[in-house]
Amino acid sequence: MAVQTASSSKEDDRGSLSPKRDPVDMARQQPTNEDQSDPEKRVQQHDESPPPPPNGGYGWVCTICCALINAHTWGINSSYGVFLAHYLATNTFPEAGPLDYAFVGGLSVACALLVSPAATYTTRVFGTKTTLFIGIAFETASLIGASFAKAIWQLFLSQGICFGIGMGFLFVGSVGIVSQWFTTKRSLANGIATCGSGLGGLVYSLAAGAMIKSIGLPWAFRVLGIVALVVNSICAILLKDRNKAIGASQLAFDVGLFKRPEYVLLNLYAFFSLLAYVVLVFSIANYARTVGLSASQASIISAVLNLGQALGRPPIGYFSDSIGRMNMAGLMTFISGLFALVFWTFAKSYGVLIAFAIIGGTVAGTFWATVAPVSAEVVGIKHVSSALNLVWLVIVLPSTFSEPIGLEIVAGTGSYLGTQLFTGFMYIAAAACVLFLRGWKIGELDEVARLKQCSVNEIDAVGTEASDNDALAKVAGRKNMVKNCLKWRKV
């Protein structure tokens, strides 16, 4: 308590958001047990702001490393659509049905997200590199192990659970690093980093289809395992975080964040986005087979979808920095839903499916390109790791069950139309969550500008959480969330 009192005294000396102090401000600065458990009050007790990010420099090396890690985790996982189509077409494991194969892909994503608390803990205690190398070991073992699978349960353990654990440690250990190195270019850098999963999906969808045909399924797994081991190891050595410089909290279960309605909206955006995204990525190759296309054509369509993601994510990041991160997230997610509803439902030929894959792919993975920078505006840069850690846990359920839901809809209706409508409406629901989230942000910024007696344009959307903001601004944003959601503003 002595340390906290000293901290409060320093805050008193500096003054608050307004020149004149009132009893409410003074009472708010007295630390309590509730303050310690509430992240939005806890951040106000720090008397020193973290040093500004270099906004580039070695951050670009880290950006490329994160892009390559994404290519050799999520990118390889995205090629599961090709494996799924092969399993269904050849009945690789006679005792398995379509639902079993669907759960393999869902398990990998779910396990990647479930291990986020463990990965966050190892990052805080042992450092980023240890976390990354744990992931490399699991991922390599999974791919090599899958090459020897003779029964479906062995595929569950290898390509499903073990691969997911490795992907989770690599992803959680690296996902927050890019944002630490940038300010005005944060969304662009995140877009470049996340486009790696699209490029990886493109390369490995084509490569997996070709290798399965030429050298067989077992050796296709082994080649992927060796390549992932080499590339990820190099990136892990080069990657550097700024956790100490910014005082990152890195709490595994900072559940106090759920007291904030705006953070709940962020998680709903994630939940609905993943319900749609996983169905689209994993189903499009099999959908191509159901409309009469060959296995090679199906793998090309899956690859082109990933190419669309690789091409779309950097521009999403670039324009997010200029028109607003929440604006871009909501708009592109809504467009994803429209493409699924009015484009995918009529795509029944090879040419039209290629067109849908490349155009729809540019916006299909909007969530992955925007979640980190949007989280920074919701909870502040210090708490991004903790906030994202809970987001990954929230999207375990949609990641696990979305593809089985999609295949069950197909089995129940006899066509993919219901699955396509489900995908489109889930994207639109995600966009609606962002619409209300931006309404909160507009109200918060207006209140901060009023308290500081300055223009809204002078307020840093992320900086409000670090030092300029006051709990009253957040409350004002929540009260006016619905009224402000349709206002046009850069947020």
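The legends below describe close-up views of a predicted model.

**Figure 1. Overview of the chain, which has 26 helices and zero strands.** The chain holds 491 residues, of which 58% count as buried. Among contacts with a separation of 6 or more, 84% are between residues 24 or more positions apart.

**Figure 2. The largest cavity, with about 280 Å³ of space.** Its lining is made up of 23 residues, and Asn 70, Trp 74, Phe 171, Arg 313 and Trp 368 are the closest to the centre. Six helices are listed as giving at least two lining residues each: H5 (58-71), H6 (74-78), H11 (152-175), H13 (186-214), H16 (261-290) and H20 (366-379). H16 gives the largest share of the lining, five residues. Sorted by class, the lining has 15 nonpolar residues, seven polar ones and one charged one. In total, the model has eight cavities of 30 Å³ or more. Rolling a probe the size of a water molecule over the atoms shows where empty space is left.

**Figure 3. The largest nonpolar core, a set of 105 residues.** The members that touch the most other members are Phe 83, Tyr 87, Tyr 263, Phe 367, Trp 368 and Trp 392. H16 supplies 18 residues of this core, the largest share. In soluble globular proteins, nonpolar side chains tend to be buried together.

**Figure 4. Surroundings of Trp 392, one of the core members that touch the most others.** Setting aside residues up to four places away in sequence, Trp 392 touches Leu 113, Ser 116, Phe 171, Val 172, Val 175, Phe 367, Trp 368 and Val 371. Two of these, Phe 171 and Trp 368, are also among the residues closest to the centre of the largest cavity.

**Figure 5. Packing of helix H22 (residues 396-413) against helix H23 (residues 417-452).** Two packed helices are described by the angle between their axes and the distance between the axes. Here the axes come within 7 Å and cross at roughly 145°. On the H22 side, Ile 405, Gly 406, Ile 409 and Val 410 make the contact. On the H23 side, the contact is made by Gly 418, Thr 419 and Phe 422. By class, the contact has four nonpolar residues, three polar ones and no charged ones.

**Figure 6. The end of helix H7 and Asn 91, which takes a positive phi of about 50° just after the helix.** Asn 91 lies in the loop between H7 (80-90) and H8 (98-114). Most residues other than glycine have a negative phi, and most peptide bonds are trans. At 41% relative accessibility, Asn 91 counts as partly exposed, because that class runs between 20% and 50%. Within H7, the residues Tyr 80, Gly 81, Val 82, Phe 83, Leu 84, Ala 85 and Tyr 87 are buried.

**Figure 7. Ala 146 in helix H10 (residues 128-146).** The relative accessible area of Ala 146 is 5%, under the 20% limit, so the residue counts as buried. Apart from neighbours up to four places away in sequence, Ala 146 touches Ser 158, Gln 159 and Phe 221. Phe 156 is 10 residues from Ala 146 along the chain, and their C-alpha atoms are separated by 9.0 Å.

**Figure 8. Leu 206 in helix H13.** Leu 206 is partly exposed, with 38% relative accessible area. Beyond neighbours within four places in sequence, Leu 206 is in contact with Ser 299, Ile 300 and Ala 303. Ser 79 and Leu 206 are 127 residues apart in sequence, yet 8.2 Å apart from C-alpha to C-alpha.

**Figure 9. Ala 310 in helix H17 (residues 295-323).** With a relative accessible area of 6%, Ala 310 is buried. Its contacts, leaving aside neighbours within four places in sequence, are with Cys 195, Gly 198 and Leu 199. The C-alpha atoms of Ala 310 and Ile 358 are separated by 9.8 Å, and the two residues are 48 residues apart along the chain.

Technical notes: Residues are numbered from 1 along each chain as its sequence is written. This is a predicted model: local features need pLDDT of at least 70, side-chain atom pairs count only at pLDDT 80 or more; totals for chains, interfaces and linings use all residues. Side-chain values use heavy atoms; hydrogens and water are left out. On a 1 Å grid over the protein atoms alone, a cavity is a set of points where a 1.4 Å probe fits but cannot get out, and a pocket is an open set with protein on both sides within 12 Å along at least five of seven lines; lining residues have an atom within 4 Å of a point. Grid points are joined across faces, edges and corners, and a volume is the space filled by probe spheres set on the points. Helices (H or I, at least four residues) and strands (E, at least two) are DSSP runs, numbered from the N terminus. Ala, Val, Leu, Ile, Met, Phe, Trp, Tyr, Cys and Pro count as nonpolar, Asp, Glu, Lys and Arg as charged, and the others, Gly among them, as polar. A nonpolar core is a set of buried Ala, Val, Leu, Ile, Met, Phe, Trp, Tyr and Cys residues joined through side-chain atoms within 4.5 Å. Buried means under 20% relative accessible area, exposed over 50%, partly exposed in between (1.4 Å probe, protein chains only). Contact means heavy atoms within 4.5 Å. Axes are lines fitted to C-alpha atoms, for helices over the stretch in contact, and angles run from 0 to 180 degrees between N-to-C directions.
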